Amino acid sequence: MLISETLGARSSFVRNAIYCAKMRGMLSVVLVVVVALMMVTAEAGRGKKERGKGAKATSDCTEWTYGNCVPNNGDCGLGVREGTCNDQTKKLKCKVPCNWKKEFGADCKYKFGSWGECDMTTGLKTRSGTLKKALYNAQCQTTRSVTKPCPKTKTKAKGKKGKGKEH
């Protein structure tokens, strides 16, 4: 029994050694694949950053001035804004909201209060707003006042409410 136990222990040892060698090989392959994926994603990320910078990466300008956002089609939607600094120009993608007030400009953002009471002489409601944000160095008024027509009041004609039985 002693010989068979010794052979069994050796064969178990050999099996374990082979198993460990296989596992080390698989671990090496997995490690190589992970490192390769990390390199590929890092390179792809670096490419996106460099593409996104455009003129910023090579420009020494700090005082860029930007024009208004000009929609590609119609009055609103996606468009282009042109920026200039010294002799350099660049175009930025922008968006003009479709609900913007043309007299304000799309780059002036205001915080408005509640609508006031209806002025019966003019038939208008008024509210005022203060400048919250001026985008791209836009020239904006610090306060704005806007008006809208008063809602029409519905007057019910007095009379019979429905068809009833006449006695």
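1. Let's start at one cysteine: Cys 69 is buried, at 11% relative accessible area (buried is under 20% of relative accessible area, exposed over 50%, partly exposed in between, with a 1.4 Å probe and protein chains only). Its partner is Cys 94, with 1.9 Å between the two sulfur atoms of this disulfide (a pair of cysteine sulfur atoms within 2.5 Å).

2. A word on the basis: this is a predicted model, in which local features need pLDDT of at least 70 and side-chain atom pairs count only at pLDDT 80 or more, while totals for chains, interfaces and linings use all residues. Residues are numbered from 1 along each chain as its sequence is written, and side-chain values use heavy atoms, leaving out hydrogens and water.

3. Back to the pair: the S-S torsion of Cys 69 and Cys 94 is about 90°, so this disulfide is right-handed. Cys 69 sits in the loop between strands S1 (65-66) and S2 (70-71) and Cys 94 in strand S4 (residues 88-96), so the bond ties together parts 25 residues apart in sequence (strands are DSSP runs of E, at least two residues, numbered from the N terminus). Cys 94 is buried too, at 9%.

4. The structure holds three disulfides. Another one joins Cys 108 to Cys 140, S to S 1.9 Å, and is left-handed, with -85° about the S-S bond. Here Cys 108 lies in strand S5 (residues 108-112) and Cys 140 in the loop between S6 (124-134) and S7 (143-149), 32 residues apart. Both cysteines are buried.

5. Finally, Cys 118 and Cys 150 have their sulfur atoms 1.7 Å apart in a disulfide. Cys 118 is partly exposed, at 24%, whereas Cys 150 is buried, at 14%.

Definitions and conventions. Helices (H or I, at least four residues) and strands (E, at least two) are DSSP runs, numbered from the N terminus.
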